[in-house]
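Please look over the structure shown here before reading on. The briefing below takes up one topic at a time.

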Amino acid sequence: LNELMELRAFLEVRQMEQESTEYVAVDTTGDMPAICQSLTLSKLAPLLAAIQGAIALINSPLTQQLIMLRSSSRFLARLTTSLEQRVTNADKLVANMEKCAQRRAELDGTIAETQPKVAALVAATRAVQRSAE
């Protein structure tokens with residue numbers, strides 16, 4: 001990571017040198033290797049973007065978590081416990097959903113059974129009401 005950061009800094013400086021008109025008068029490339037001297041502004045931009053992308057990947061939370069998993073047994077144990085709790089909670093939720101579905105089916109059956117009784121009571125009540133009038 002340090003080497004990538006150093007390379008990024010070098011490329012950024014090199015890019016600023018090429019963009020600036022102040023450095024044109026001073027030849028700063030004399031002691032650089034030929035490959036560094038041949039880097040033009042159009043070649044620097046994709047290199048700099050690739051380096052910044054690699055640094056971003058290394059510093060991403062997912063990569064950091066993978067590094068922690070590899071290097072820390074305590075982190076692995078904590079993550080394992082957390083995942084086991086989630087699985088337990090998910091199993092409980094599935095069981096509760098099944099119970100709710102079963103209870104709903106029972107209630108639908110009860111409603112279906114009581115509908116004719118309610119209809120008969122309504123009819124009887126109306127008949128009594130008519131006879132009372």
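Gln 15 counts as buried in this predicted model, because its relative accessibility is 17% and the cut-off for burial is under 20%. Gln 15 lies in helix H1, which covers residues 2-19, and Arg 14 has its place in helix H1 as well.

- Although 29 residues separate Gln 15 from Leu 44 in sequence, the two are 6.6 Å apart in space when taken from C-alpha to C-alpha.
- Arg 14 has a relative accessible area of 5% and is therefore buried.
- Arg 14 and Leu 44 are 30 residues apart in sequence, while their C-alpha atoms are 8.1 Å apart in space.

**Overall make-up**

- The protein has five helices and zero strands, and reading along the sequence gives the pattern α-α-α-α-α.
- Of the 133 residues in the protein, 11% are buried, and the protein exposes about 10,800 Å², of which carbon and sulfur atoms supply 61%.
- Among the contacts in the protein with a separation of 6 or more, 53% are accounted for by residues 24 or more positions apart.

**Where helices H4 and H5 meet**

- Helix H4 takes in residues 61-71 and helix H5 takes in residues 73-132; their axes come within 5 Å and cross at roughly 110°.
- How are H4 and H5 oriented to each other, roughly parallel or roughly perpendicular? With a crossing angle of roughly 110°, and with angles of 65 to 115 degrees counting as roughly perpendicular, H4 and H5 are therefore roughly perpendicular to each other.
- On the H4 side the contact involves Gln 65, Met 68, Leu 69 and Ser 71, which meet Ser 73, Phe 75, Leu 76 and Leu 79 in H5.
- Sorted by class, this contact of H4 with H5 has five nonpolar residues, three polar residues and no charged residues.

**Confidence of the prediction**

- The mean pLDDT of the protein is 84, and 83% of its residues reach 70 or more.
- Which helix has the lowest confidence, and which the highest? Confidence is lowest in helix H2, residues 34-37, at a mean of 60, whereas it is highest in helix H5, at 94.
- Where pLDDT is low, the predicted coordinates should not be read in detail.

Definitions and conventions
Residues numbered from 1 in each chain as written. Predicted model: local features only at pLDDT ≥ 70, side-chain atom pairs only at ≥ 80, totals over all residues. Heavy atoms only, no water. Helix = DSSP H or I, 4+ residues; strand = E, 2+ residues; numbered from the N terminus. Buried < 20%, exposed > 50% of the residue type's maximum accessible area, 1.4 Å probe, protein only. Contact = heavy atoms within 4.5 Å. Areas by Shrake-Rupley, 256 points an atom, 1.4 Å probe, with all protein chains shown as cover. pLDDT = per-residue confidence, 0-100. Axes fitted to C-alpha atoms, helices over the stretch in contact; angles between N-to-C directions. Parallel < 35°, antiparallel > 145°, perpendicular 65-115°, else oblique. Nonpolar A, V, L, I, M, F, W, Y, C, P; charged D, E, K, R; others polar.
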